[in-house]
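Open the model in your viewer and keep the sequence panel in reach.

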Amino acid sequence: MKNWLLFMTKNKWLHILVFIVIACAVTLIDAAEHYHSGLEAASIGAVVAIGLSLLKGIVWDVLFGWGTFRIKNLFAGVVGSLIGFFLSWGLMVMGAV
């Protein structure tokens with residue numbers, strides 16, 4: 001438990017939050033513009049968010065050298081994307097969105 005808490009710095013929480021927002025935003029836009037079902041739209045939102053997390057790590061950090069590539073940041077981005085998937089899909093299933 002202690003190691004997990006050490007992993008969760010403010011930076012990691014920000015990565016999680018940003019990718020939750022990205023996944024949810026893409027899901028809502030996709031559902032509204034392309035009339036996909038909740039599961040399809042949430043899947044597209046999660047895939048886009050995970051892709052952006054990978055691109056941030058590879059392009060921004062590695063290729064351009066504007067940041068420091070850390071696997072924990074990539075992991076936090078994927079976790080945030082998956083939380084965004086379940087959050088947006090759940091809200092769409094319940095009819096809240």
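This is a predicted model: local features need pLDDT of at least 70, side-chain atom pairs count only at pLDDT 80 or more; totals for chains, interfaces and linings use all residues.

**Stop 1: helix 3.** Select residues 38-63. The 26 residues of helix 3, at 1.5 Å a residue, should span 38 Å. The end C-alpha atoms are 36 Å apart, which agrees. Now centre on L55. Helix 3 has a kink of about 25° there.

Next, colour the buried positions of helix 3. They are G38, A41, A42, G45, A46, A49, S53, G57 and D61. An α-helix has 3.6 residues a turn, so residues three or four places apart point the same way. Then show what lies over these positions. The cover includes helix 2 (10-34) and helix 4 (71-94).

**Stop 2: S53.** Stay in helix 3 and pick S53. Is S53 buried or exposed? S53 counts as buried, because its relative accessibility is 4% and the cut-off for buried is under 20%. Show its surroundings. Leaving out residues up to four places away in sequence, S53 touches F19, L74, G77 and V78.

**Stop 3: helix 4.** Select 71-94. Helix 4 has 24 residues, which at 1.5 Å a residue should span 34 Å. Its end C-alpha atoms lie 35 Å apart, in agreement. Colour its buried residues: N73, L74, A76, G77, G80, S81, G84, F85, S88 and M92. Helix 2 and helix 3 are among the elements that cover them.

**Stop 4: the largest nonpolar core.** Which residues make up the largest nonpolar core? Select M8, I16, I20, C24 and A76, 5 residues in all. Helix 2 gives the largest share of this core, with 3 residues. Now click M8. Beyond residues up to four places away in sequence, M8 touches W13 and I16.

**Stop 5: positive phi angles.** Most residues other than glycine have a negative phi. Go to the loop between helix 2 and helix 3 and pick Y35. Y35 is not a glycine, yet its phi is positive, about 55°. Y35 is exposed, because its relative accessible area is 70% and the cut-off for exposed is over 50%.

G95 follows helix 4, and its phi is positive, near 80°.

Definitions and conventions:
Residues are numbered from 1 along each chain as its sequence is written. Side-chain values use heavy atoms; hydrogens and water are left out. Helices (H or I, at least four residues) and strands (E, at least two) are DSSP runs, numbered from the N terminus. The expected span of a helix is 1.5 Å times one less than its number of residues. The bend at a residue is the angle between axes fitted to the seven residues ending there and the seven starting there. Buried means under 20% relative accessible area, exposed over 50%, partly exposed in between (1.4 Å probe, protein chains only). Contact means heavy atoms within 4.5 Å. A nonpolar core is a set of buried Ala, Val, Leu, Ile, Met, Phe, Trp, Tyr and Cys residues joined through side-chain atoms within 4.5 Å.
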